[in-house]
Amino acid sequence: MKFFFPDSQDLVDPTFDFATERRFAHRVRHRDDLYAHEVFEQRVCDGLLVSKGIVDGLSGGAGKYSMAQRHRLLRVGATEFFRLNRPDRPILETMGDCGAFTYVREKVPPYTVDEVLQFYTDCDFDSGISVDHVILDYQPRWDAGAVEAVPAAVTERQEITLDLAAQFLRKCSGSKLRINPLGVAQGWSPKSYAHSVTQLQDMGYRYIAVGGMVPLRTNDILTILSAINDVRRSETRLHLLGITRTDVFADFERFGAVSFDSTSPLRQAFKDDKNNYYAPERSYTAIRVPQVEGNADLQKRIRAGSVNQPNARRLEQRCLELLTKYDRSEAQLDLVLSALDEYEAVHSPGKSVAGTNRDTLEAMPWKSCRCEICRSLGIHVVLFRGAERNRRRGFHNLFVFYQQLQRTGISGHGDRVHSMPATVLVQ
Ligand SMILES: [Zn+2]
């Protein structure tokens with residue numbers, strides 16, 4: 001299965017100095033900062049998924065793109081904008097979509113088919129997904145009754161999605177676009193998803209994106225895909241929107257899935273409570289060393305007088321110092337752990353992560369990772385601290401995730417990657 005990494009303008013600054021935490025004064029973000037696919041020699045995804053909702057800054061994607069970046073993407077196209085055409089780099093595919101989760105609360109999608117086609121044309125994507133509207137209700141029991149039992153607000157979303165898919169395909173074939181079109185199947189039950197796929201196939205689609213399954217349990221997803229498989233023509237291929245259930249990849253492939261997209265490897269680095277750092281056999285929890293200056297909660301307590309700022313800074317600096325010494329085998333583990341405990345009592349009173357700190361520090365998983373991030377960053381990659389470290393850990397996760405896919409997922413045996421939990425995340 002091909003893995004598309006959804007763009008959300010996640011870049012790292014190569015000039016960032018981890019010892020001083022300073023940047024090069026003349027760094028220009030859009031020129032100097034690096035995307036995940038530029039950091040590694042090896043491929044970490046097969047393509048990029050670019051959402052109009054994110055580029056436009058709709059609610060789910062607000063603040064990701066500046067006005068200047070948006071204009072530049074539309075002017076030069078995705079290949080140039082994401083620097084995908086560098087001679088020494090692997091070739092990545094580009095796929096456009098609308099980012100239906102960014103407007104999921106609206107009654108109707110905020111885009112016309114023409115607007116979306118214009119976006120896809122300007123960006124010059126290899127493939128493009130029809131305009132869709134996510135159905136938030138999932139009720140398999142509605143399959144037992146008459147279709148009239150399903151609320152109109154739910155069926156309307158499917159009708160809108162199918163109608164927009166029909167328009168999209170008509171306009172794609174009527175234009176000189178080289179884009180490979182995908183129609184979106186939305187549903188509220190296995191049967192209703194199968195109905196969508198039948199309709200899309202009748203329209204002429206041979207590549208279908210299955211949407212709205214992000215919040216569902218793995219068993220529900222498999223039931224839907226099985227129902228779709230009953231009506232799927234042998235030449236119809238599926239893309240799974242926002243799904244990373246690596247333990248059932250073999251089933252996904254059996255049901256016709258050839259591609260998927262997911263932000264989980266990146267997001268888990270800094271959104272998950274526990275599984276922040278991927279290793280081949282399991283995940284580790286990152287070591288929390290928040291910045292006194294950058295931590296809103298801590299700053300509030302400093303202003304209220306319950307935390308002494310110079311003391312907090314001293315504990316923070318001591319943790320950083322001991323952690324880097326530990327990485328060079330110049331400090332004892334117990335000394336590092338007690339410094340972390342002492343600082344934690346100040347930044348997160350009442351919590352204790354001593355167990356996971358010990359687990360991660362004892363195992364030193366960064367020492368055995370051969371990715372560019374771990375080799376250059378050392379212990380900093382497991383520190384939960386600021387965007388430069390957290391995002392690099394996310395990039396490392398992408399590297400590990402893609403390596404696992406190469407070894408297992410793509411060849412149809414997904415069980416080796418069970419250690420990466422299928423956390424439900426919005427694409
Ligand atoms: Zn690594």
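# Zinc site, cores, cavities and selected residues

Val108 is found in the loop that runs between β3 (93-97) and α6 (113-123). Strands (E, at least two residues) and helices (H or I, at least four residues) are DSSP runs, numbered from the N terminus. The model is predicted, and local features need pLDDT of at least 70, side-chain atom pairs count only at pLDDT 80 or more, while totals for chains, interfaces and linings use all residues. Residues are numbered from 1 along each chain as its sequence is written, and side-chain values use heavy atoms, with hydrogens and water left out.

Val108 touches His133 and Ile160, leaving aside residues up to four places away in sequence; contact means heavy atoms within 4.5 Å. Its C-alpha atom lies 9.3 Å from that of Asp132, a residue 24 positions apart in sequence.

**Loop between β1 and α1**

Ala25 belongs to the loop between β1 and α1 (29-32). Most residues other than glycine have a negative phi. Phi of Gln9, however, is positive, near 50°, and phi of Glu21 is positive too, near 60°.

**Accessibility**

The classes used here are buried (under 20% relative accessible area), exposed (over 50%) and partly exposed (in between), with a 1.4 Å probe and protein chains only. The table gives the class of selected residues.

| Residue | Relative accessibility | Class |
|---|---|---|
| Gln9 | 4% | buried |
| Glu21 | 24% | partly exposed |
| Ala25 | 72% | exposed |
| Val108 | 48% | partly exposed |
| Asp297 | 43% | partly exposed |

Asp297 is part of helix α12 (residues 296-303). Between the C-alpha atoms of Asp297 and Asn180 the separation is 48 Å, and the two residues are 117 apart along the chain.

**Zinc site**

Four residues coordinate the zinc ion at 2.1 to 2.3 Å: Cys369, Cys371 and Cys374, each through SG, and His396 through ND1. Donors are N, O and S atoms within 2.8 Å of the metal (3.2 Å for Na, K and Ca); water is not among the atoms, so sites may look incomplete. Along the chain, the donors of the zinc ion follow the spacing C-x1-C-x2-C-x21-H. The arrangement is tetrahedral because the 4 donor atoms subtend angles of 100 to 117° around the zinc ion; for four donors, that class requires all angles to lie between 85 and 135 degrees. Cys369 counts as buried because its relative accessibility is 13%. Cys374 is also buried, with a relative accessible area of 3%.

**Nonpolar cores**

A nonpolar core is a set of buried Ala, Val, Leu, Ile, Met, Phe, Trp, Tyr and Cys residues joined through side-chain atoms within 4.5 Å. The largest one has 125 residues, and those with the most contacts inside it are Phe82, Met213, Leu240, Phe252 and Leu361. Apart from it lies another core of 5 residues, including Trp142, Val150, Val154 and Trp188. Returning to Phe252, its contacts, not counting residues up to four places away in sequence, are Met1, Ile221, Leu222, Leu225, Leu240, Ile243, Arg245 and Ala257.

**Pocket and cavities**

Rolling a probe the size of a water molecule over the atoms shows where empty space is left. On a 1 Å grid over the protein atoms alone, a cavity is a set of points where a 1.4 Å probe fits but cannot get out, whereas a pocket is an open set with protein on both sides within 12 Å along at least five of seven lines; lining residues have an atom within 4 Å of a point. Grid points are joined across faces, edges and corners, and a volume is the space filled by probe spheres set on the points.

The largest pocket has a volume of about 590 Å³. It is lined by 22 residues, of which Arg288, Pro290, Ser348, Lys351 and Phe384 are the closest to its centre. At least two lining residues of this pocket come from each of α11 (264-271), α14 (333-347) and α17 (386-409).

There are 6 cavities of 30 Å³ or more. The largest cavity holds about 100 Å³ of space. Its lining has 14 residues, and Phe5, Tyr35, Ala36, His37 and Leu48 are the closest to its centre. β1 (2-6), α2 (36-39) and α17 each supply at least two residues of the lining of the largest cavity.

Key
Four donors count as tetrahedral if all angles lie between 85 and 135 degrees; four count as square planar and six as octahedral if opposite donors are over 155 degrees apart and all others between 65 and 115; anything else is irregular.
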